[in-house]
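Me: Got a model I'd like to talk through. Can you take a look and tell me what the side chains are up to?

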Amino acid sequence: MSRAAERLRTVIHHLDGATATIVSFRSVERSECSRTYSFDTGTLTPEQRLFYEENGFLLIKNLVSETDIDRFRYTFHFYVMNELRKTFIDIEPPLIQYCLGILKYVECFTGPNIMAMHTMLINKPPDAGDKTSRHPMHQDLHYFPFRPTDRIVCAWTAMERVTRQNGCLVVLPGTHKGALQEHDYPDWEGGVNKMYHGVRDYDPDHPRLHVEMEKGDTVFFHPLLIHGSGMNQTQGFRKAISCHYASGDCYYIDVRGTTQENIENEVKELAQKKYGMNEVAFKDTWAFRGRLVQGERTSL
Ligand SMILES: O=C(O)CCC(=O)C(=O)O
Ligand SMILES: [Fe+2]
C-alpha cells in the first residue's frame with residue numbers, strides 16, 4: 001500500500017471512530033472541516049476512496065455480471081415492445097434489478113437511505129454524419145432540484161465494450177470540486193437532442209479522460225463532474241444502463257431565479273405537452289419518479 005493510502009486509512013479510521021461526519025482528507029491535513037464525497041462502509045479500499053475524492057469518479061471493473069446485463073437487455077426489449085402494443089404495463093421499471101444490484105457501492109456515496117431517482121437504458125445510435133450522437137459536456141446536477149449535492153451519485157454501466165469509437169464517456173477529472181455552471185443548448189451545426197444542455201464555459205485546457213470500459217464495468221460519478229460522450233462512429237447502437245441515486249435524506253429546492261430555471265421550464269412544458277399536466281412542479285416530476293431502494297425515504 002502506498003504511503004498516501006496508508007495515511008488515508010489511518011485518517012479514515014480515526015475519523016469514523018470519532019465523528020459522525022467524515023472530514024475531507026485534504027482538509028484533515030490542513031486540520032479544518034469541509035466537504036467529503038464518500039463514506040467508509042468497508043466496501044471501497046482507501047485508494048478507491050481517495051481516487052473518488054480527488055477525481056469525482058470511480059471505475060469498478062466487472063461489477064455487473066454478463067448474465068445480468070443480457071437479462072436487462074432482454075427485459076428492456078420486451079418492455080419496449082409491450083409498451084408499444086399497450087397490452088401490458090409493468091408497474092416496476094424493468095431496470096429496477098440493476099438499481100438494486102449495486103447498492104453496496106452506491107451506499108458509499110449516498111449513505112444508507114437510498115432513492116433511485118432516474119434509471120435509463122442509453123441506446124446511443126450510430127451517427128448519421130451530423131455528429132448529433134454526441135452528448136455535450138454537462139453536470140448532471142443541472143437537472144436535479146434536490147440537495148445536498150454530495151449525497152447524489154450516478155452509476156453508469158457498459159452493456160458492451162465501450163470505446164472512443166462508439167462514444168465512451170469523457171470526463172474532466174476534479175471538476176466535481178467546482179460549482180454548478182450555467183447550462184444551455186450548444187450551438188452545434190447539426191443540432192442537438194432535446195434536453196441535452198451543455199456547460200457554457202469550461203476550461204478547454206482542462207485534462208480530459210476517455211473512459212473506455214468492458215461489458216459490466218461501472219463508473220460512479222459525482223453530479224458536478226463535467227462529462228459528456230463522443231460521437232458513435234460504429235454501425236451499432238452503443239448501450240449503457242445508468243441510474244442516478246440520491247440519499248433519502250436529500251430535500252427539494254426551489255430553482256427559480258437560479259441557472260436551473262431553464263431546465264425547469266423545459267420539463268414543465270414537456271409535462272404539459274406530453275401528458276397534459278398543467279402546473280406540475282419540477283420537483284414533483286422527480287418525487288413521482290423516485291423509488292426507495294434501501295432504508296427510509298425520510299424527505300425526498
Ligand atoms: O451515455 C452517455 O452518452 C452520457 C449519458 C449522460 O451523461 C447522462 O445521461 O447524463
Ligand atoms: Fe450526464
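Me: Let's start with F146: is F146 buried or exposed?
Reply: F146 is buried, at 1% relative accessible area (buried means under 20%, exposed over 50%, partly exposed in between, with a 1.4 Å probe and protein chains only). Bear in mind that this is a predicted model: local features need pLDDT of at least 70, side-chain atom pairs count only at pLDDT 80 or more, and totals for chains, interfaces and linings use all residues. Side-chain values use heavy atoms, without hydrogens and water, and residues are numbered from 1 along each chain as its sequence is written.

Me: And what about Y252, buried or exposed?
Reply: Y252 is buried too, with a relative accessible area of 18%.

Me: OK, rings next. How many aromatic pairs are there?
Reply: The count is 9 aromatic pairs. The rule takes rings of Phe, Tyr and Trp (its six-membered ring) with centres within 6.5 Å; planes under 30 degrees apart are stacked, over 60 edge-to-face, and the rest tilted.

Me: How do Y52 and F109 sit against each other?
Reply: Their ring centres are 4.4 Å apart and the planes are at 45°, so that pair is tilted. Y52 is in helix 3 (residues 46-55) and F109 in helix 6 (residues 103-110), so the pair ties together parts 57 residues apart in sequence. Helices here are DSSP runs of H or I with at least four residues, strands are E runs of at least two, and both are numbered from the N terminus. Y52 and F109 are both buried.

Me: What's the geometry between F146 and Y252?
Reply: F146 and Y252 make an edge-to-face pair, 6.0 Å centre to centre with 90° between the planes.

Me: Switching topic: which residues have the most contacts inside the largest nonpolar core?
Reply: Y98, I102, V106, F109, F220 and Y245, in a core of 29 residues. A nonpolar core is a set of buried Ala, Val, Leu, Ile, Met, Phe, Trp, Tyr and Cys residues joined through side-chain atoms within 4.5 Å.

Me: Which element gives the largest share of this core?
Reply: Helix 6, with 5 residues.

Me: Last one, D140. Where is D140?
Reply: D140 is in the loop between strand 3 (135-138) and strand 4, and D140 is buried, at 6% relative accessible area. From D140 to P223 the C-alpha distance is 4.9 Å, though the two are 83 residues apart in sequence.

Definitions and conventions
Chains are lettered from A and ligands numbered from 1 in the order in which they are written.
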